[in-house]
Number of protein chains: 2
Amino acid sequence: MGLLVVGSLALDTVYTPFDKVEDALGGSATYISLAASYFSGPVQMVGVVGTDFPKEYIELLMEHKIDIGGLQTIDGGKTFRWGGKYHYDLNVRDTLFTELNVFEEFDPIIPEDFRKSKYVCLGNIDPTLQLKVLDQLTDPQFIVCDTMNYWIEGKKDELLNLLKQVHVLVINDSEARLLANEPNLIKASKIITDMGPHTLIIKKGEHGAMLFTDGTIFSAPAYPMEMIFDPTGAGDSFAGGFTGYLYKTRDLSPNNLKCAVIYGSSMASFCVEKFSTKGLEDLSYLQVHDRYREFLNISRIDET
Amino acid sequence: MGLLVVGSLALDTVYTPFDKVEDALGGSATYISLAASYFSGPVQMVGVVGTDFPKEYIELLMEHKIDIGGLQTIDGGKTFRWGGKYHYDLNVRDTLFTELNVFEEFDPIIPEDFRKSKYVCLGNIDPTLQLKVLDQLTDPQFIVCDTMNYWIEGKKDELLNLLKQVHVLVINDSEARLLANEPNLIKASKIITDMGPHTLIIKKGEHGAMLFTDGTIFSAPAYPMEMIFDPTGAGDSFAGGFTGYLYKTRDLSPNNLKCAVIYGSSMASFCVEKFSTKGLEDLSYLQVHDRYREFLNISRIDET
């Protein structure tokens, strides 16, 4: 049994103040799987692409020992494409275009040998599809899930249904406020964990992340970065690092969830150092571990 | 010798979504002194009020063993008044009015027996006045200073002159970006410490605070508050707690500066729990220490 990852694979066109790329590898399943691949195999990926999806991207996934047995290729179809432009401070982005293409008709079919997965990471896709994935699993034990404003506003009922089955929800601060309809994040966290997930992670970009679990709150710092080249995929890399570490250690204690938040933050920090998935392609586990130690040091006080 | 605090004393009118107060005790010197008073005496306050300044506010300061030997009362003058209104999420505020009154002609005269102070906290006032204070001191060893956008934009030269003499600058994130003319806070921190201060603290409100000292970065979490009644004075309370703790411990090592950031954050969290200075009036040192422990726990991971 592996770590099941379901989400999008995309060809991204990204403009930042520093550079631009066209048809670069992107998508939530891609970033999650690559980030998770540094912890423990196998990562079992489910998604859909068109026949235009470059062979080298497939090879890259396979080099990371990602099992693409659940990757559907639609004959003659075009891969999902997204275009975005980041502004000077990189906190604001405009979506230039979204072409769903083969994603429009995506029916996530979980291969027989993936269905027994106990650890699952559901990337940000339509909650109806996320529910369909869970329906096919025989005994999921730990389900991590991402979503976004678009689904919170447009598919609230389906999302609330999904949340009843989910163990960890990973969203950003504006999504948390919207989902809970409450501006205070501490109050919002209680409202959201009452919806189902025993654990909530709120990502705050340059301000780090917060973990709410088992009545306790953990605050993780952000990595002090002088240069962010491309924020695309940071949230997915976080989810991949978080879930990958927990899958590897098989320890779901509150303290280990905190460690997993730091590993997730570490993978996100690698992600944004380069364009597209480049920052996640050639790391060693030692580099990942060193980044984790650096994160711990940022909030460490030696007590006397 | 005591801890010298120079800044404003004000009568504040504050509107929040929850309540309002008129002519409540306020001002940077007030919040700094009250917060610092929980650590070690004596706090020596320098400021100015009019004859309309209520006697009970003077008594409150004296109850906290604050030495008001440097407090000028201008005969027939009116005390500095400020009015502000906070919006629903409490992160945005409008200034309703600013009446400088006796503050307009304020000439900070440091009493003879305050001039040997080695620890100094300069509240947010005109940098020309902050410089005037330093000119009167015989041997200041540790100068903590606050400022604001208004002075960064309007008195840049005076501020830069001041910064050459200052050891710690405490400002918020937007002020840091403005002062350094650099949106990235990590880069901004280097630009600002090159201006003079060996240590920079950037306050980020609900996202905590960052300390830059001696080439290292420390990230302090925010206290998870479900209810903020009145954010007025939080930054000054931070500066008071930070400086007060260092004055008490006389240890300026990087690790103790980190502890001081957490004590500063603790005092700020008490401040915003009640209107005006109420949150700083009746604490015990045990309460302060407990809050400090709570802060440490928020970012603690037990390492295995």
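**Two helices of chain B**

In α6(B), the residues Asp173(B), Ala176(B), Arg177(B), Leu179(B) and Ala180(B) meet Leu185(B), Ala188(B), Ile191(B) and Ile192(B) of α7(B). Two residues count as in contact if their C-beta atoms, placed from the backbone, lie within 7 Å. This contact of α6(B) with α7(B) divides into 7 nonpolar, no polar and 2 charged residues; Ala, Val, Leu, Ile, Met, Phe, Trp, Tyr, Cys and Pro count as nonpolar, Asp, Glu, Lys and Arg as charged, and the others, Gly among them, as polar. Helices (H or I, at least four residues) and strands (E, at least two) are DSSP runs, numbered from the N terminus.

This is a predicted model, in which local features need pLDDT of at least 70 and side-chain atom pairs count only at pLDDT 80 or more, while totals for chains, interfaces and linings use all residues. Residues are numbered from 1 along each chain as its sequence is written, and chains are lettered from A and ligands numbered from 1 in the order in which they are written.

The axes of α6(B), residues 173–180, and α7(B) come within 9 Å and cross at roughly 60°. Axes are lines fitted to C-alpha atoms, for helices over the stretch in contact, and angles run from 0 to 180 degrees between N-to-C directions. α6(B) and α7(B) are therefore oblique to each other (under 35 degrees is roughly parallel, over 145 roughly antiparallel, 65 to 115 roughly perpendicular, and the rest oblique).

Between the chains, the contact takes 23 residues from chain B and 23 residues from chain A. On the side of chain B, the elements giving two or more residues are α7 (185–193), β13 (216–220), α9 (254–271) and α10 (285–298). That side holds 12 nonpolar, 5 polar and 6 charged residues.

A rotation of 180° with 0.0 Å of shift along its axis superposes chain B on chain A, with an RMSD of 0.0 Å (by least squares on the C-alpha atoms of residues with pLDDT of at least 70 in both). This is the relation of a two-fold axis. The copies meet through the same surface, because 100% of the interface residues of chain B are also interface residues in chain A.
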